[in-house]
Amino acid sequence: MSHFCRFLTLLLLSCLLTACNAAPSALRGAGRAAVEINQLWWFMAITGTLIYVGVMGLLLWAYGRRRNHKPTADQHSSLTTAAQDLLPSSSGGTRMIVLGGIVMPSLVLSAVYAFTLETLWSISGQQRAEPLVIEVVGHQWWWEIRYPAQGIVTANELYLPIGQPVRIELTSEDVIHSFWVPELHGKLDMIPGRTNSFWLEAEEAGDYWGLCAEFCGVQHANMLYLVMARPQVEFDTWVAAQQALPPTPTTELTRQGQQIFMDAACDSCHTIAGTAAVGRLGPDLTHLASRRTLASGILENNIGSLGGWIINPQHIKPGNLMPSSDLSGPQLQALLAYLETLD
Ligand code: CUA
């Protein structure tokens, strides 16, 4: 098998295999905006394919015509005349240029432009008078999620009620990031010093992966978040749970863990509501144990990965701002026991 055939087989296989994983796909729209962007995408893909097939067909036809006109030996002397036969007549050539080079592209591009404007208009207009506002702040490399009216601050998990447009306000604390939940909406940049906003609506309950769509440093690819779209009642339950203060430590071990949290200077970067920890550099940990993932979507949130993350976060996600710690085994156990109560 030639190298080319092997390459082609691998390419086809990789295309087939990508269909197997559950990576978020912009072609599986579960929100109004994503469905409309999808329609625009299909329109452009189908139009592009038809034009490509048409142009290739014409090219093959012209090639076939040229072969059929190959001059024989006795025509050799009149090569110039034969070559002239192959060229379209000058009036036919001009017609081809006007139709194929001016009229067709103008029609196709105008249609694409109109459809794009219509889609942009439809997904960006005012959709609700008093919406739920969710602020998302990009950090290298995690997402701060704030519900100002509800007084909730969390990280890397965005809850929203289904069937209603919510207002998302984006900004960044450091470099440019980009907010993208492929199954719900298009991308929007998060720029330091300015606020970009848009309407996000999920029509179906579910968990949707979001990603950073703008290169923002070495851990750009490990900057994920989950959008949890829930029925209104479930969303309200979540809001109430997030508004509550975490329980005060009741056992000797968890009291000790809380003390270690303060002594080891975790509190200078992290906030835990109801305690003296009010740091703003890292994620708010008030309800850490209620979250599904750690380190911005790259680890499952369980006691094992939390322990590993605390001891050596630089090994797991090199370049992030969290320093490694030199806690002893018993100290780590106590700290983990305390953090596990923050649900
Ligand atoms: Cu943040 Cu890429």
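Here is a short tour of this predicted model, stop by stop.

**Stop 1: the sheet.** Begin by selecting β4, β10, β9, β6 and β7, which make up an open sheet of 5 strands in the order β4-β10-β9-β6-β7, with mixed pairing. Look at the edges: β4 and β7 (188-190) each have a single partner strand, so one side of each is left without a neighbour in the sheet. On average, neighbouring strands here are turned by 25 degrees against each other, direction ignored.

Stop 2: Zoom in on β4 and β10, which run parallel and are joined by 5 bridges.

**Stop 3: the largest nonpolar core.** This core has 34 residues; show Ile134, Val136, Trp143, Tyr147, Leu158, Ile168 and Phe179, the ones that touch the most other members. Among the elements that each supply at least two residues are β1 (133-139), β2 (142-147) and α5 (232-243). The largest share, 5 residues, comes from β10.

Stay with Tyr147: beyond its neighbours within four places in sequence, its contacts include Ile134, Leu158, Phe235 and Trp238.

**Stop 4: a second core.** Select Leu294, Leu327, Ala334 and Tyr338, which belong to a separate core of 22 residues.

**Stop 5: Gln242.** Return to helix α5 and pick Gln242. Is Gln242 buried or exposed? It counts as buried, because its relative accessibility is 9%, below the 20% cut-off. Leaving aside neighbours within four places in sequence, Gln242 is in contact with Ile152, Thr154, His287 and Ser290.

Terms used:
Residues are numbered from 1 along each chain as its sequence is written. This is a predicted model: local features need pLDDT of at least 70, side-chain atom pairs count only at pLDDT 80 or more; totals for chains, interfaces and linings use all residues. Side-chain values use heavy atoms; hydrogens and water are left out. A nonpolar core is a set of buried Ala, Val, Leu, Ile, Met, Phe, Trp, Tyr and Cys residues joined through side-chain atoms within 4.5 Å. Buried means under 20% relative accessible area, exposed over 50%, partly exposed in between (1.4 Å probe, protein chains only). Helices (H or I, at least four residues) and strands (E, at least two) are DSSP runs, numbered from the N terminus. Contact means heavy atoms within 4.5 Å. Two strands pair if DSSP finds at least two bridges between them. Axes are lines fitted to C-alpha atoms, for helices over the stretch in contact, and angles run from 0 to 180 degrees between N-to-C directions.
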